[in-house]
Amino acid sequence: SIHIASTTAPVNIATLKYWGKRDADLNLPTNSSISVTLSQDDLRTLTSVATSESFNKDTLWINGKEESLDSKRTQDCLKDLRSLREEMEVNDKSLPRFSQWKLHIVSENNFPTAAGLASSAAGFAALVVAIAKLYQLPQSMSELSKIARKGSGSACRSLFGGYVAWEMGQLANGEDSMAVPVASMDEWPEMKAAILVVSDVKKDTPSTQGMQLTVHTSDLFKERINNVVPRRFEEMKTAIRNKNFKEFAELTMKDSNSFHATCLDSYPPIFYMNDTSKKIIRLIHSINEFFGEVIVAYTFDAGPNAVLYYLEKDEAKIFAFIYTLLKKVEGWANKYTEPELQSFE
Ligand code: DP6
């Protein structure tokens, strides 16, 4: 017989960036981070897994195309999930021996993988949760987030909806480096995110490689992880719990700028933002100045696309401004998505 389970995991966009590993093998970060998980109706990965005694090899299809499962990261996730299942089978001999059977994994993104939008986070989160469901593992989402983390650091945050923290942890084995919820989307449902797609070409320096270069060569990075992020981590959690948009937005923009500054301070320097990204930054600051209050924040990951955070009530006026002014911005791809945020169960 064949046993099947599926799940979806949305993309998450960090407002306090993860940048730097203290252990590249276990994907342990040099700082804690915070993100907002988008709605499952928007950017998400849908993964279905099947297992059967009759399958003869683990197989993965992503968007209809067979892909390799050989990467160490994927193998680490599968190994952890199988050993948790095996523990259950040892304790309950009546359980089918899924831990010994091969898996067929079918994964689909509802957005173009090459759109320069992080897909690894949603991908590994969905993979881990789908298999955990198939295996009926009793572990909590935070426990499972430690497995997703080994696939891709940022993936651990996509196991929760809403506002999520990834606590860096102190232990060398990574047992305390996991995602925890800060607030559900229902606690601050007015928050919205929009993605301004500046470029859909694949980023030039992959994050893993970029962060290692920063860790090894940037002096500014030391200041960031020792003195800047630990304070911001507490301040941002407080801003979220108090629904203090101004504070949340300012911390988000400053942290994006701080992360890109450490990229520029790496040697040789890494540039993720392009001229259009910089024009968007100026545009957002001029919108906030025009209205005399902070109503919109930008953040950029390892690529030139902007993610904006704002409250629903301000959406119309922000986009009226953006449509008018972006027409003047050269290189603007004239495409955007406007994901609505909601919790992910
Ligand atoms: C800039 O999670 O993609 O988006 O752990 O090597 O897979 P790996 O890196 P990844 O890095 C994400 C970096 C970031 C910031 C963030 O999401 O916090």
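The chain in this predicted model folds into eight helices and 15 strands. Below are the main points, sorted by topic.

- The mean pLDDT of the chain comes out at 92, with 92% of the residues at 70 or more.
- The model also gets an ipTM of 0.99 and a pTM of 0.93.
- Watch out for residues 331-345, though: pLDDT stays under 50 there, even if the model has 45 contacts beyond four places in sequence for that stretch.

**Overall shape**
- What radius of gyration does the chain have? It has 20 Å, which agrees with the value near 20 Å for a compact globule of 345 residues.
- Along its principal axes, the C-alpha trace spans about 65 × 40 × 40 Å.
- Take the contacts between residues at least 6 apart in sequence: 74% of them join residues at least 24 apart.

**Inside the protein**
- Out of 345 residues, 44% count as buried.
- The largest nonpolar core has 84 residues, and A125, V128 and L308 are the ones that touch the most other members.
- Helix 2 (residues 120-134) gives the most to this core, with twelve residues.
- Zoom in on V128: setting aside neighbours within four places in sequence, its contacts are C77, L81, L144, I147, A148 and G151.
- As a general rule, nonpolar side chains in soluble globular proteins tend to be buried together.

**Around the ligand**
- How many residues surround the ligand? There are 15, and the closest are A14, Y18, S152, G153 and S154.
- Sorted by class, that shell has five nonpolar, eight polar and two charged residues.

- Y267 and P268 are joined by a cis peptide bond, with omega at about -5°. You'll find P268 in the loop between helix 6 (245-264) and helix 7 (275-291).
- N27 isn't a glycine, yet its phi is positive, near 55°. It sits in the loop between strand 3 (21-23) and strand 4 (28-29).
- Is N27 buried or exposed? N27 counts as buried, because it has 24 C-beta neighbours inside 10 Å and the cut-off is 20 or more.
- Q136 is another non-glycine residue with a positive phi, near 55°, and its place is the loop between helix 2 and helix 3 (141-151).
- Q136 has 12 C-beta neighbours inside 10 Å, so it counts as exposed; the cut-off for that is 12 or fewer.

Terms used. Residues are numbered from 1 along each chain as its sequence is written. This is a predicted model: local features need pLDDT of at least 70, side-chain atom pairs count only at pLDDT 80 or more; totals for chains, interfaces and linings use all residues. A residue is near a molecule or strand if its C-beta atom, placed from the backbone, lies within 6 Å of it. Ala, Val, Leu, Ile, Met, Phe, Trp, Tyr, Cys and Pro count as nonpolar, Asp, Glu, Lys and Arg as charged, and the others, Gly among them, as polar. Helices (H or I, at least four residues) and strands (E, at least two) are DSSP runs, numbered from the N terminus. The radius of gyration is taken over C-alpha atoms; the globule rule is 2.2 Å times the number of residues to the power 0.38. Two residues are in contact if their C-beta atoms, placed from the backbone, lie within 7 Å. pLDDT is the predictor's confidence in each residue, from 0 to 100. A nonpolar core is a set of buried Ala, Val, Leu, Ile, Met, Phe, Trp, Tyr and Cys residues joined through C-beta atoms within 7 Å.
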